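Have the structure open beside you as you read.

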Amino acid sequence: MIVLPGAHRRTPVAVGACLVSFAAFCLAQRAAHVSMIDVMVYRAEGATVRAGGDLYALRATAAGLPTTYPPFAALLFTVLTLPDAVTLRLLATAGNLALLVVLVRLSLKLVGHARVETAWWVAAGAVWCEPVWATLRYGQINLLLAALVLWDLCRRPADGYGRWAGAGLGLAAAVKLTPALFPVFLLATGVTARLRGGDGRPWLRHAQGAATAFAGATLLAAAVLPYDSWRFWTDMVFRPDRAGHAEETANQALRGVMARLLHTPDPGALWVLSVAVVAALGLSVAVAAELRGRRPWAVCACAVTALLISPVSWTHHWVWCVPLVLLLWTHGHRAAALATALVFCSYTPWWVPHGPGRPELHESGGQLAVSALYGGAAALFLVLAWTSLPRPRLRSEPGQAVTKE
């Protein structure tokens, strides 16, 4: 009889538990008759590109959903036209479950936790949190984008810069604009480091790599889809309402919270001012954390800032709750980690009136609070991240800034 070492015994048990949880999840989604409507929209976008149609005039599925992503995303979506609809749904589900494991593994790497079996245990539970549930329910790409960002930011070349540094960030931003705040964060960090007399080159090179990847992907799309690219970058990108109604309860961005609070579908200039303030404060926290050697805090601070300032951050965009909770738990903030996990596992945005007739514009005080919990959790995290930072040194020498924790 062969006796396996403890670590080797624990990993198969963790994998088995994760697969059982995933199987139960798939049965629950099937019982809920999920539509996976977004992956069908992606498929329609790919078909429109192949047919040479007008991408931003598209209205896909019975819900008449429009194209909202940059043209580069539609280029990638052409591969979704190859399988039939049933096969595509199966592939999207399997792919997103695999990406969840990857996201958890990268999140654990970010926070400095190396045990392999932990990723399987965390994934087994994380699949049931509302953002992940909704991502699989709609067939969304949020897990892919978050994994691309973390893969890029978790790579640690010896010289602080590698050949592929920035590629993940640039490609993620070319598919969907929200991750574009990460290269801005790297640029701000590099500039701040230089102004303080340090060596900002690793961050500036990383930001340059992201900008190059973004520009390359965007120019490729422009070469293939010149009309759609022109229309997106000169018109559609400036329409904050192109993705849906701001006041919808699923919109957990600052704009959605303000629309419900002010009982108006368009918060207007007040929202723009609030975005400017939150962006400045959130980036300040991220840059300060990065320069003080707290990259996990910096990455999560940048992520929640991006979600807050985006015109629309649907609940399924908040898959960043996974690294957020792991960061809090592994760094001793157990109560905050449990509270954050409870928020994202309680499906609270759906407790309030929503749907046809725009009942979100008439919420009571308690309903307003419940429908803003994701954004509230993000704001509290930024406060905690700031208060958890070590005191800055009175004097710093060039090259003293670090990127490791």
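## Pocket, cavity and a helix pair

The lining of the largest pocket is made up of 25 nonpolar, 12 polar and nine charged residues. Bear in mind as you look around that this is a predicted model.

That pocket holds about 1,300 Å³ of space. Its lining counts 46 residues, and those nearest the centre are Ala243, Gly244, Val312, Trp314 and His317. Helix H2 (37-51), helix H9 (181-195), helix H13 (269-291) and H14 are the elements that give two or more residues to this lining. H2 provides the largest share, five residues.

One cavity of 30 Å³ or more turns up in a search of the whole structure, and the largest cavity has about 180 Å³ of space. Thr178, Pro179, Leu307, His317 and Trp320 are the closest to its centre among the 14 residues that line it. Helix H7 (142-154) and H14 each contribute at least two residues to the cavity lining, with H7 giving the most, four residues. By class, the cavity lining has 10 nonpolar, three polar and one charged residues.

Here are the two spaces together:

| Space | Volume | Lining residues | Top contributor |
|---|---|---|---|
| Largest pocket | about 1,300 Å³ | 46 residues | H2, five residues |
| Largest cavity | about 180 Å³ | 14 residues | H7, four residues |

Two packed helices are described by the angle between their axes and the distance between the axes. The axes of H14 (residues 295-309) and H18 (residues 373-388) come within 10 Å and cross at roughly 150°, and the crossing is left-handed. On the H14 side, the contact uses Trp297, Cys300, Ala301, Val304, Thr305 and Leu308. They meet H18 residues including Gly375, Phe381, Leu384 and Ser388. Sorted by class, this contact has 11 nonpolar, three polar and no charged residues.

How far can you trust the coordinates? The chain averages a pLDDT of 90, and 93% of the residues score at least 70. Residues 394-405 have a pLDDT below 50, although this stretch has 29 contacts in the model beyond near neighbours in sequence. Where pLDDT is low, the predicted coordinates should not be read in detail.

How values were computed. Residues are numbered from 1 along each chain as its sequence is written. This is a predicted model: local features need pLDDT of at least 70, side-chain atom pairs count only at pLDDT 80 or more; totals for chains, interfaces and linings use all residues. Side-chain values use heavy atoms; hydrogens and water are left out. Axes are lines fitted to C-alpha atoms, for helices over the stretch in contact, and angles run from 0 to 180 degrees between N-to-C directions. A crossing is left-handed if the near helix is turned anticlockwise from the far one by less than a right angle, and right-handed if clockwise. Contact means heavy atoms within 4.5 Å. Ala, Val, Leu, Ile, Met, Phe, Trp, Tyr, Cys and Pro count as nonpolar, Asp, Glu, Lys and Arg as charged, and the others, Gly among them, as polar. pLDDT is the predictor's confidence in each residue, from 0 to 100. On a 1 Å grid over the protein atoms alone, a cavity is a set of points where a 1.4 Å probe fits but cannot get out, and a pocket is an open set with protein on both sides within 12 Å along at least five of seven lines; lining residues have an atom within 4 Å of a point. Grid points are joined across faces, edges and corners, and a volume is the space filled by probe spheres set on the points.
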